[in-house]
Amino acid sequence: MWRYCRTVETVTIRRRFLQSKEKGKRMIDARQIDEIVQNILADLNGNKHIDRMNVYNRLDKAEVHRLLQHLFQIVFPGYFRDGKVKIYNPQNSMAVTLEDIFYHLNKLVTLTLDFGEGVGSEEEKKEKGYEICKEFMEAIPTIRSMVETDLLAIFYGDPAAGCVEEVILAYPGIMAITAYRLAHQLYRLGVPVIPRLMTEYAHAQTGIDIHPGATIGSYFFIDHGTGVVIGETAVIGQHVKIYQGVTIGALSTRGGRQLYGRKRHPTIGDYVTVYAGASILGGDTVIGNHSIIGSNTFLTTPVPENSRVVVENRVAEKCLLEC
């Protein structure tokens with residue numbers, strides 16, 4: 001009896017589904033759909049920036065992400081590699097990876113030279129793209145040396161770090177900083193868009209937002225990192241340590257494009273520690289060397305060297321006095 005009831009119920013449900021499906025078919029009007037499609041196609045008339053449809057001659061976001069992953073294989077050989085490729089001779093494998101990076105970077109850079117004001121003829125773009133890629137590849141040893149200082153700063157600065165391998169493989173800070181170091185070099189060479197795509201990829205992966213235009217010294221340490229924001233014109237010295245939720249940003253962006261190229265973000269001196277949730281804003285704000293900025297502080301004015309800035313916990317003090 002139970003099996004019979006289940007069978008009847010199943011048949012009933014299927015019949016209702018088919019009826020609703022048939023009813024849905026009857027509601028479709030081919031002429032209306034065609035009219036909608038034609039209206040959308042007519043809207044792609046090329047008058048808006050978002051109308052550009054040359055998909056075969058445009059920057060591929062996913063390709064930039066793959067390029068960054070391949071660059072990580074060069075910065076950290078042995079820690080990041082393509083699992084699809086068998087490696088018998090590490091030196092030969094690295095050579096192939098470098099050639100692949102140069103090829104794809106050259107293609108992507110040449111494409112971006114059309115952005116903004118553009119460069120000129122196709123030959124001029126190819127020549128400039130090649131020169132940019134050559135200078136970038138020549139700078140990789142210097143970039144790796146900077147990343148080594150960041151790695152050591154994190155390892156020796158965090159008692160929770162068990163080994164350098166743990167820092168390389170597990171710490172979001174070293175990933176975001178490495179992506180920034182690579183992107184910053186391209187930014188300095190005048191490459192549009194690609195540096196930002198690199199740091200935004202790291203931002204999506206780690207929650208750490210570093211603009212590739214920022215200037216950051218060696219031995220840079222981001223602890224935890226979630227919510228960290230570092231603006232385009234920020235200048236950060238050596239041996240600086242910042243914690244999660246720190247903003248090194250602009251005081252105001254009301255001027256919009258009129259502020260482009262101006263110093264809008266703070267300058268942080270050497271050996272400065274900025275604790276969680278602090279906001280340091282404005283292009284005229286300078287934090288002196290060897291200063292400590294406490295959690296949840298809000299700074300828009302300069303701080304002298306060897307300073308200690310904290311937020312007074314008046315609520316806690318009052319509670320203690322009353323208790």
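Figure 1. When residues up to four places away in sequence are not counted, Gln185 touches Phe136, Ala139 and Ile143. This view, like those that follow, is taken from a predicted model.

**Figure 2. The crossing of helices H3 and H7.** The axes of H3 and H7 cross at roughly 100 degrees and come within 11 Å, which makes H3 roughly perpendicular to H7. From H3, the contact is made by Leu68, Leu71, Phe72 and Val75, and from H7 by Met175, Thr178, Ala179 and Leu182. Sorted by class, the contact of H3 with H7 has seven nonpolar residues and one polar residue, with no charged residues.

**Figure 3. The packing of helix H3 with helix H8.** Helix H3 (residues 61–75) also packs with helix H8 (residues 194–206), at an angle of about 70 degrees and with their axes 9 Å apart. H3 and H8 are therefore roughly perpendicular to each other, since angles of 65 to 115 degrees are placed in that class. On the H3 side, Lys61, Val64, His65, Leu67, Leu68, Gln69 and Leu71 meet a set from H8 that consists of Ile194, Leu197, Met198 and Tyr201. By class, the contact of H3 with H8 has eight nonpolar residues, two polar residues and one charged residue. Leu68 and Leu71 of H3, which take part here, are also listed in the contact with H7.

**Figure 4. Thr110 in helix H4.** Thr110 has its place in helix H4, which covers residues 90–112, and at 16% relative accessibility this threonine counts as buried. Leaving aside neighbours within four places in sequence, Thr110 is in contact with Lys125, Lys126 and Gly129. Between Thr110 and Tyr130, which are 20 residues apart in sequence, the C-alpha to C-alpha distance is 7.9 Å.

**Figure 5. The open sheet that runs from S1 to S13.** Five strands form this open sheet in the order S1-S4-S7-S10-S13, with parallel pairing. Strand S1 (209–210) and strand S13 (298–299) stand at the edges, and each has a single partner strand, so one side of each is left without a neighbour in the sheet. Strand S4 (residues 229–230) runs parallel to strand S7 (residues 247–249), to which it is joined by two bridges. Within this part of the sheet, Ile230 stands opposite Ile248 in S7.

**Figure 6. The open sheet that runs from S3 to S14.** Another open sheet of five strands has the order S3-S6-S9-S12-S14, again with parallel pairing. Its edges are strand S3 (221–222) and strand S14 (308–309), each of which has a single partner strand, so one side of each is left without a neighbour in the sheet. Two bridges link strand S9 (residues 273–274) with strand S12 (residues 292–293), and these strands run parallel. Val274 stands opposite Ile293 in S12.

**Figure 7. The whole chain, as context for the close-up views.** The secondary structure of the chain comprises nine helices and 14 strands, and buried residues account for 38% of its 323 residues. Of the contacts between residues at least 6 apart in sequence, 47% join residues at least 24 apart. The chain exposes about 20,100 Å², of which 54% is supplied by carbon and sulfur atoms.

Notes: Residues numbered from 1 in each chain as written. Predicted model: local features only at pLDDT ≥ 70, side-chain atom pairs only at ≥ 80, totals over all residues. Heavy atoms only, no water. Pairing = 2+ DSSP bridges. Helix = DSSP H or I, 4+ residues; strand = E, 2+ residues; numbered from the N terminus. Axes fitted to C-alpha atoms, helices over the stretch in contact; angles between N-to-C directions. Parallel < 35°, antiparallel > 145°, perpendicular 65-115°, else oblique. Contact = heavy atoms within 4.5 Å. Nonpolar A, V, L, I, M, F, W, Y, C, P; charged D, E, K, R; others polar. Buried < 20%, exposed > 50% of the residue type's maximum accessible area, 1.4 Å probe, protein only. Areas by Shrake-Rupley, 256 points an atom, 1.4 Å probe, with all protein chains shown as cover.
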